[in-house]
Amino acid sequence: MAVMLSAPRGTQDVLPSQSGKWQFIEECARKTATVFGFKEVRFPTFEHTELFCRGVGDTTDVVQKEMYTFEDKGGRSITLRPEGTASTVRTILSNGLLSEALPLKLYYLTSCFRYEKPQAGRLREFHQFGMECFGSAEPIADAQLIASASYFFKVLGISGLKLELNSIGCPECRKKYHEALKKYFEEKNESLCETCIGRLEKNPMRILDCKSPVCSEIAKDAPKVIDYLCDECDTHFKKVQQYLDAMGIEYTVNPNIVRGLDYYTKTVFEFVSSSIGAQGTVCGGGRYDGLVETLGGAKTCALGYAIGIERLILLMQAQEAAFPESKKCEIYIAPMGEKASVKACKMVSALRDEGFFAECDLVGRGIKAQMKYANKIGAEFVVVIGDNEIEENSANLKDMNSGEESKISLGDSFIKEFYDKKLSAACNNVLSSLENLTK
Ligand code: ATP
Ligand code: MG
């Protein structure tokens with residue numbers, strides 16, 4: 001029983017008291033996507049394992065250690081998506097979206113699954129807001145993409161995030177760089193972890209991203225990819241910086257950023273916070289010009305980023321950022337007796353048809369308990385109706401903020417009268433707060 005009732009390790013329930021935060025972040029994400037011209041894509045929670053082995057790269061931590069892979073009843077190897085980019089590329093290739101007008105700009109809000117050691121900001125099921133742009137090789141696309149992340153953080157009211165930027169070149173510059181890295185790490189061969197020894201031949205750059213303390217210490221003095229950029233990659237990187245400068249987006253060039261996934265080329269970046277502990281990277285992204293081709297499509301330049309929602313929430317809480325309050329019940333109808341309950345049902349239906357947030361008693365409580373409940377849920381107004389009120393076709397409307405009561409008709413004019421009273425109460429509230437301000 002105890003096992004059944006506890007959520008699996010590394011997962012999180014989002015309770016009603018917290019879900020408003022998620023909704024706010026999702027709204028801001030959708031707003032950002034809209035004003036930058038990105039459209040939503042939704043893809044399956046699981047894919048063929050092969051997609052991530054090829055797409056994310058089989059020398060990465062994600063593929064080697066973190067995937068939730070299982071065989072389904074038909075004997076296929078299936079994996080819960082560990083990230084959204086490979087799924088996005090698979091979706092556009094399966095559905096021929098690259099034949100539409102380019103650039104193709106897509107976003108997703110989705111859950112991801114990685115078998116990691118759970119800790120603050122690191123879960124086994126987590127959520128990402130991702131933006132992906134296909135069909136531009138130009139540095140302006142990199143800068144505009146970064147600007148969209150920056151805009152998103154501004155809309156959320158987050159401050160103090162550091163943008164760290166690097167270029168990891170193209171396969172051409174990578175050849176020379178790999179040689180230099182191999183030479184460097186081969187000399188320290190004995191101290192590297194087992195995974196990294198395996199990476200030495202296949203993909204020495206992955207060693208730079210190893211989380212083992214010994215490997216990361218050794219990696220600190222390794223040759224930097226930025227010193228090996230070919231002319232084209234170097235110019236590209238400089239132009240990205242020029243565009244960012246023109247938009248007033250601050251950044252620092254950090255030659256140690258290589259990113260954890262294999263598909264990146266040229267620009268890579270992270271937005272990092274120093275206020276949420278070790279898991280400070282809120283956003284990671286970059287250009288991945290080779291991925292579409294690797295997954296079987298025509299050569300298509302592309303770039304994107306993903307933002308971890310849980311880390312974002314941790315950060316916003318650490319900064320005491322203001323989340324909008326959830327909407328409160330505008331009117332609560334408190335019936336006494338069966339006849340009044342029927343009337344209450346009709347009234348809340350009519351109110352909701354006009355767009356009001358209206359509730360009535362569902363549990364047959366007495367009037368005192370109903371008032372207590374209305375207070376608890378923060379209802380703005382309450383109308384109590386019983387047989388007398390129905391007979392007189394009028395009742396008292398109680399303003400729960402001021403405590404004032406006034407007569408309201410229960411006839412056809414009810415909604416109009418309620419609307420007027422709500423409006424005048426709101427005006428009075430504004431006036432009294434102004435008075436308080438000027439006192
Ligand atoms: P890290 O170095 O922290 O493991 P990563 O390079 O594996 O991050 P990405 O694959 O780039 O992360 O994912 C993008 C974003 O998704 C991260 O910046 C982070 O905000 C979030 N993220 C990644 N893994 C997790 C996780 N296990 N739990 C919560 N958020 C995560
Ligand atoms: Mg990781």
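1. Helices here are DSSP runs of H or I with at least four residues, strands are E runs with at least two, and both are numbered from the N terminus. An axis is a line fitted to C-alpha atoms, for helices over the stretch in contact, and angles run from 0 to 180 degrees between N-to-C directions.

2. A word on the source: this is a predicted model, where local features need pLDDT of at least 70 and side-chain atom pairs count only at pLDDT 80 or more, while totals for chains, interfaces and linings use all residues. Residues are numbered from 1 along each chain as its sequence is written, and side-chain values use heavy atoms, with hydrogens and water left out.

3. Now look at helix α13 (residues 338-353) and helix α16 (residues 414-438): their axes come within 11 Å and cross at roughly 65 degrees. M347, A350 and L351 of α13 meet F414, I415 and F418 of α16, where contact means heavy atoms within 4.5 Å. By class, this contact has 6 nonpolar residues, no polar and no charged ones (Ala, Val, Leu, Ile, Met, Phe, Trp, Tyr, Cys and Pro count as nonpolar, Asp, Glu, Lys and Arg as charged, and the others, Gly among them, as polar).

4. The structure holds 21 of them. In one, E47 pairs with R90, with the closest N and O atoms 2.8 Å apart. E47 sits in strand β2 (residues 46-48) and R90 in helix α5 (residues 85-94), so this pair ties together parts 43 residues apart in sequence.

Methods. Chains are lettered from A and ligands numbered from 1 in the order in which they are written. A salt bridge is a side-chain nitrogen of Lys or Arg within 4 Å of a carboxyl oxygen of Asp or Glu.
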